[in-house]
Amino acid sequence: MKALVRRVGPCLLEIESSRTPFQSLVNAVAHQQLHGKAAQTILGRFRGLFGGRFPGPQALDKVTDEQLRAVGFSRAKAAAIRDIAEKTLSGVVPGSKAIAALPDEEIIERLTQVRGVGRWTVEMLLIFTLGRPDVWPVDDFGVRAGYKIAYDLDEMPKPKELLELGERFRPHRSIAAWYLWRATDMNRSPEA
C-alpha cells in the first residue's frame, strides 16, 4: 500500500456534503449499471423536468412514470426513485441533519429498506456524501481489483477475505478504498 500511496500521491477524496440523502440515493440509482457520462446525461434530463434544479421528494408527484422513462430511467429505476421519495417523506430516509447523527450500520439498515438500494449504494453515500472515514466496501469490484493489483495477487480477494484484510486500514478504510480505486484506474489507463 505504501508503494501505491507514493505512486498516486495525496488522497484527493471529494466529499459532496451539500447533497441531501434523497439526492445522493437518486444519483446512485441513476449510476447503477451505467457509464458515468450516460448517468449524468439522464440526471440532467431529470433535472430538466423540474426547471433545471434537482427536485425534492415531494416534487416527484408532479411527473409521470412515462416522463421518468422518457429522460432515460428504466422501469425499475423509476420505481426505485419513487420509493426513495416515499421513504424520504415517511422518514425512513432521514434528512441531512438527522443522518449525520446516525451510526453507519443504522444508516445501512434503514436505507437498504428502499427499493433498488443495497449495501454498496449506502456505503457510497457514507463515503462520498457523509465523509465517513472508516467504510470498507468489500463488494466493490474496483476495491477488490485494486487490492489484487496493489498486492500483486493472482486473483481478486473474495469479499469475506477482503473484510479481514481491511482490518489493517482501520480507522481509515475509506481512504484505503480510494487508493485501491486509483490502482484500478491506473491499471486501465495506458498513460498512468
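## Aromatic pairs

F50 is buried, with a relative accessible area of 17%, where buried means under 20% relative accessible area, exposed over 50% and partly exposed in between (1.4 Å probe, protein chains only). F46 is also buried, at 0% relative accessible area. The ring centres of F46 and F50 lie 5.4 Å apart with the planes at 70°, so this pair is edge-to-face. Rings of Phe, Tyr and Trp (its six-membered ring) pair if their centres lie within 6.5 Å, and planes under 30 degrees apart count as stacked, over 60 as edge-to-face and the rest as tilted.

The rings of Y147 and Y151, by contrast, are stacked, because their centres are 4.3 Å apart and their planes stand at 25°. Y147 counts as buried at 3% relative accessibility, whereas Y151 counts as partly exposed at 24%. The whole structure holds 8 aromatic pairs, and ring pairs link F22, F46, F50, F54 and F73 into a cluster.

## Basis of the model

The model is predicted, with local features needing pLDDT of at least 70 and side-chain atom pairs counting only at pLDDT 80 or more, while totals for chains, interfaces and linings use all residues. Residues are numbered from 1 along each chain as its sequence is written, and side-chain values use heavy atoms, with hydrogens and water left out.

## Position of D152

D152 lies in the loop between α9 (141–150) and α10 (159–165), helices being DSSP runs (H or I, at least four residues) numbered from the N terminus. D152 is exposed, with a relative accessible area of 68%.

Technical notes:
Helix = DSSP H or I, 4+ residues; strand = E, 2+ residues; numbered from the N terminus.
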